[in-house]
Amino acid sequence: MAFIDTPLASVDAYVEFVSAQDVPVLRRTVREFEALAAHDSTGARHVAAAVLADPLMTMKLLTTLQARRGARQNHDITTVERAVMMMGLTPFFETFSGMSTLEERLAKHPQALVGVLKSIGRARRAAHFARDWAILRHDLDVDEITVAALLTDAVEIMCWTFAPAMTLRVFEMQRANRWLRRSEAQRTVFGATAQEIQEALVRAWNLPELLICLMDADQADNPRVRNVQLAADLARHLQTGWDNDALPDDIAEVGKLVRMSPEQLLTRLGAPAEELHRFFPPAT
């Protein structure tokens, strides 16, 4: 199995390396597909739910579909259920049978496996938040928002997968210096940030333009993009617990987005009662 152990010369070199690899998926995804393929009652929605539980599989599906795109397909497929329906169930299961797993790939890198599973858990949480807020906002296509949020930090997952030792070094640098920004640590170790690699990778893999836009933090004035970015921010900050210093600002911004009071939003998010005082100014 090929791993990146030393910095590559450029962002394009990282994109070229990752693009040449077989992207693995979670072991549970392989098992779920086997079970779903064995049942006659399986529908596109059942398959889509299994795909959306795995950011790596979601990326694999969308890039495979784009690579097979025919000349007569004049519009992008931006949601997982539509992608499954476009392929058809039998071709889908044939295409994605015998996939390599993340657990196999990182069997000799247990710390990296723990790290990537945490990143995947955060991506799922971001997708959950983004979907909930999109529903509150009466978004035109909630599923697009869900996919974009799930993939917003996809390259961090890719870095754990293909450069485990280097990615672990990034996190060790941050543990040693809590004020060090992750992007600065990434540039020190990789010579580029995950954001720079991701921007190049999604272009190289020809992801649908709409999803690329929804994942672009520079377009955060757009409420749909802001929905995705705030969900990713909140999920990341909650990884360290409800005492994270950034959370009060997150809650304030999300409240503006969904037009909900802090009290209502915190209740919806399940914030622990002992942390609520941090989100309200002291009584005068």
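Analyst: We can begin with exposure, where a residue is called exposed when its relative accessible area is over 50%, buried when that area is under 20%, and partly exposed in between. The model shown here is predicted, and in it His138 has a relative accessibility of 68%, so His138 counts as exposed. This residue lies in the loop between α8 and α9, and its phi is near 55°, a positive value in a residue other than glycine.

User: Which other residue has a positive phi although it is not a glycine, and where is that residue found?

Analyst: Asn206 has a positive phi of about 60° without being a glycine, and Asn206 is found in the loop between α13 and α14, the latter covering residues 209-214.

User: How should I describe the chain as a whole, and how many helices and strands does it have?

Analyst: Begin with the secondary structure, which here consists of 17 helices and zero strands. The radius of gyration is 19 Å, close to the 19 Å that the globule rule gives for 284 residues, so the chain is as compact as a globular protein of that length. The C-alpha trace spans about 65 × 45 × 35 Å along its principal axes, and 50% of the 284 residues count as buried. For the contacts with a separation of 6 or more, 68% are accounted for by residues 24 or more positions apart.

User: What can be said about Pro262, and which residues is it in contact with beyond its neighbours within four places in sequence?

Analyst: Pro262 is found in helix α17, which covers residues 262-269, and Pro262 counts as partly exposed because its relative accessibility is 33%. Leaving aside the neighbours within four places in sequence, Pro262 is in contact with Ile251 and Phe280. Pro262 and Leu151 are 111 residues apart in sequence, and their C-alpha atoms are 27 Å apart in space.

User: Turning to pockets, how much space lies in the largest pocket, and which residues are closest to its centre?

Analyst: About 1700 Å³ of space lies in the largest pocket, and of the 40 residues that line it, Gln174, Arg181, Arg182, Arg236 and His237 are the closest to its centre. The elements that give two or more residues to this lining are α8 (110-136), α10 (154-162), α11 (164-176), α12 (182-190), α13 (194-204) and α15 (223-238). The largest share, six residues, comes from α8, and by class the lining of the largest pocket divides into 13 nonpolar, 15 polar and 12 charged residues.

User: What are the volume and the lining classes of the second largest pocket?

Analyst: The second largest pocket holds about 250 Å³ of space, and of the 15 residues that line it, the closest to its centre are Ala48, Leu52, Arg131, Asp143 and Thr146. Two or more residues of this lining come from each of α3 (44-52), α5 (80-87), α8 and α9. By class, the lining of the second largest pocket has seven nonpolar, three polar and five charged residues.

User: How many cavities of 30 Å³ or more are found, and which residues line the largest cavity?

Analyst: A cavity differs from a pocket in that a probe fits inside but cannot get out. A search of the whole structure finds three cavities of 30 Å³ or more, and about 90 Å³ of space lies in the largest cavity. The residues that line the largest cavity are Ile4, Tyr14, Val18, Val155, Met158, Cys159, Phe162, Ala163, Phe190, Ile197 and Leu201. The elements that give two or more residues to this lining are α1 (11-19), α10 and α13, and α10 gives the most, with four residues. By class, the lining of the largest cavity has 11 nonpolar, no polar and no charged residues.

Notes:
Residues are numbered from 1 along each chain as its sequence is written. This is a predicted model: local features need pLDDT of at least 70, side-chain atom pairs count only at pLDDT 80 or more; totals for chains, interfaces and linings use all residues. Side-chain values use heavy atoms; hydrogens and water are left out. On a 1 Å grid over the protein atoms alone, a cavity is a set of points where a 1.4 Å probe fits but cannot get out, and a pocket is an open set with protein on both sides within 12 Å along at least five of seven lines; lining residues have an atom within 4 Å of a point. Grid points are joined across faces, edges and corners, and a volume is the space filled by probe spheres set on the points. Ala, Val, Leu, Ile, Met, Phe, Trp, Tyr, Cys and Pro count as nonpolar, Asp, Glu, Lys and Arg as charged, and the others, Gly among them, as polar. Buried means under 20% relative accessible area, exposed over 50%, partly exposed in between (1.4 Å probe, protein chains only). Contact means heavy atoms within 4.5 Å. The radius of gyration is taken over C-alpha atoms; the globule rule is 2.2 Å times the number of residues to the power 0.38.
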